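Below are some notes on the fold, for reading alongside the coordinates. They are set out as numbered points.

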Amino acid sequence: MNTITTFAGNLTEDPELRFTNGGTPVANLRVAVNRRVKQNDEWVDATPTFHSVKVWGAQGENLVESLVRGDRVLVHGQVETDSWTDKETGENRYKDVVVVSDRYGEIATSLKFATARAEKNRGGKTTNPGAPAPADNVTQLGPRPTEPPF
């Protein structure tokens, strides 16, 4: 069963951009979600939750170029489980990760406490110098409109 989640929180550190062996960009980040709850007649901070997030493709590259530690983000993605074998103990380890990809999900800056100006990324190219160049005859989504609505 696929679980879809949406939440808002703050980046706990600058996002880190890596590339797969095939040249696909992926940004890794952690998001802290702070909640306030009402106890008696007073609002108090609840225990924060932390989410690991992977943002694939151009969204990941745009994220790394745009946001830094402390920025508030909105995350909409699919919860998946990463698994690996611990090198020291040999035990299997598991971690839930929210995945944002071209197939599903989005990540955006929150405007609740800040302002932002969007800048269109018209290149669509990865910044990985080792990545294969896109074919010249491939059209992404057709011509881009020049008048609103975009």
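1. Helix α1 spans residues 57–66, and its buried residues are Gly57, Gln59, Gly60, Glu61 and Leu63. The model is a predicted one, and this applies to every point below. The cover over the buried residues of α1 includes β2 (16–19), β3 (25–33), β6 (49–56), β8 (92–100) and β9.

2. Of the contacts in the protein chain with a separation of 6 or more, 61% are between residues 24 or more positions apart.

3. The protein chain has 150 residues, 25% of them buried. Its accessible surface is about 11,400 Å², and carbon and sulfur atoms account for 48% of that.

4. Which members of the largest nonpolar core touch the most other members? They are Leu29, Val31, Val53, Val55 and Val75, in a core of 15 residues. At least two residues of this core come from each of β1 (3–11), β3, β6, β7 (72–85) and β8. β3 gives the largest share, with four residues. As a general background, nonpolar side chains in soluble globular proteins tend to be buried together.

5. Leaving out residues up to four places away in sequence, valine 31 touches Phe7, Gly9, Asn10, Leu11, Thr12, Thr49, Phe50, His51, Val53, Val73 and Val75.

6. Strand β8 pairs with both β6 and β7, as follows. With β6 the pairing is parallel, over four bridges, and valine 55 stands opposite valine 100 in β8. With β7 the pairing is antiparallel, through eight bridges, and here valine 79 stands opposite valine 98 in β8. β7 and β8 make a hairpin with six residues between them, and in the turn glycine 90 has a positive phi of about 80 degrees.

7. Serine 110 lies in the segment after β9 (106–109). Is serine 110 buried or exposed? Serine 110 counts as buried because its relative accessible area is 8%, under the 20% cut-off. Apart from neighbours within four places in sequence, its contacts are Arg72, Val73 and Leu74. The side chain of serine 110 also reaches the backbone nitrogen of lysine 112, at 3.2 Å.

Terms used:
Residues numbered from 1 in each chain as written. Predicted model: local features only at pLDDT ≥ 70, side-chain atom pairs only at ≥ 80, totals over all residues. Heavy atoms only, no water. Buried < 20%, exposed > 50% of the residue type's maximum accessible area, 1.4 Å probe, protein only. Contact = heavy atoms within 4.5 Å. Areas by Shrake-Rupley, 256 points an atom, 1.4 Å probe, with all protein chains shown as cover. Polar contact = N/O pair within 3.5 Å; in protein donor to acceptor, adjacent residues only side chain to side chain. Core = buried A, V, L, I, M, F, W, Y, C linked by side-chain atoms within 4.5 Å. Pairing = 2+ DSSP bridges.
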